Amino acid sequence: MTDQRPWRPTRRRLTDTLLAAVAPVAVCGLALGGLSTWTAYGNAGSPARIKVTEGKVFVPLGATPVTAAFFRITNSGGAADRLLKVTTAEAGAGALTLSRHVMTSSSTATDETVASVGVPAGDSIVMSPDSLDVIVPAKKGWEPGDLVSFTLHFEHSGAVKTLAVVVSPGQDST
């Protein structure tokens, strides 16, 4: 006859089993705590934080059918965003377009329509007549000092409303 004893848990076997189950749980808890701390201190990045300031739009001159608007777009977040379009209900008839001033090889300039504009994380884009602008259908009656409401639409940040002051070309808005 063989001596068969039923298996009985011993204190050592229970301790070993408990340690085998607790060790992975403890490591996961430490990793989660470390990642939470890393994120809380801003090291894991953050969403785009868009702020639009310094809006100005040129007063339409003569019979010109369009004018230009300019803004400073600041992204203080940890992720890039993209300006998709600009809208306003206060301009003349027609769509607003994003445009970039491009120098050609023959030392002349041309405007190139762009579909969207990237706004890098932690950076600013300053629109100007020499770089990026918004082509706006001109509206009769705008006078220097008037305020025009615009909405800038971003890929991640959504719609951002802002005001632009009407200025004469070559003059600052202040």
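Two residues are in contact when heavy atoms of theirs lie within 4.5 Å. The structure under discussion is a predicted model, in which local features need pLDDT of at least 70 and side-chain atom pairs count only at pLDDT 80 or more, while totals for chains, interfaces and linings use all residues. Residues are numbered from 1 along each chain as its sequence is written, and side-chain values use heavy atoms, with hydrogens and water left out.

I begin with Thr151. Thr151 belongs to strand β9; strands are DSSP runs of E, at least two residues long, numbered from the N terminus. Leaving aside residues up to four places away in sequence, Thr151 touches Lys85, Val86, Thr87, Ala159, Val160 and Lys161. Its relative accessibility is 13%, so Thr151 counts as buried, a term that means under 20% relative accessible area with a 1.4 Å probe and protein chains only.

Next, the aromatic rings. Rings of Phe, Tyr and Trp (its six-membered ring) pair if their centres lie within 6.5 Å, and planes over 60 degrees apart count as edge-to-face. Phe71 and Phe150 are edge-to-face, because their ring centres are 5.3 Å apart and their planes stand at 75°. This pair links distant parts of the chain, with Phe71 in strand β2 (residues 66–75) and Phe150 in strand β9 (residues 147–154), 79 residues apart. Phe71, at 1% relative accessibility, is buried, and Phe150, at 0%, is buried as well.

Strand β2 also brings us to the lining of the largest pocket, to which β2 gives the most, with four residues.

Notes:
Rings of Phe, Tyr and Trp (its six-membered ring) pair if their centres lie within 6.5 Å; planes under 30 degrees apart count as stacked, over 60 as edge-to-face and the rest as tilted. Buried means under 20% relative accessible area, exposed over 50%, partly exposed in between (1.4 Å probe, protein chains only).
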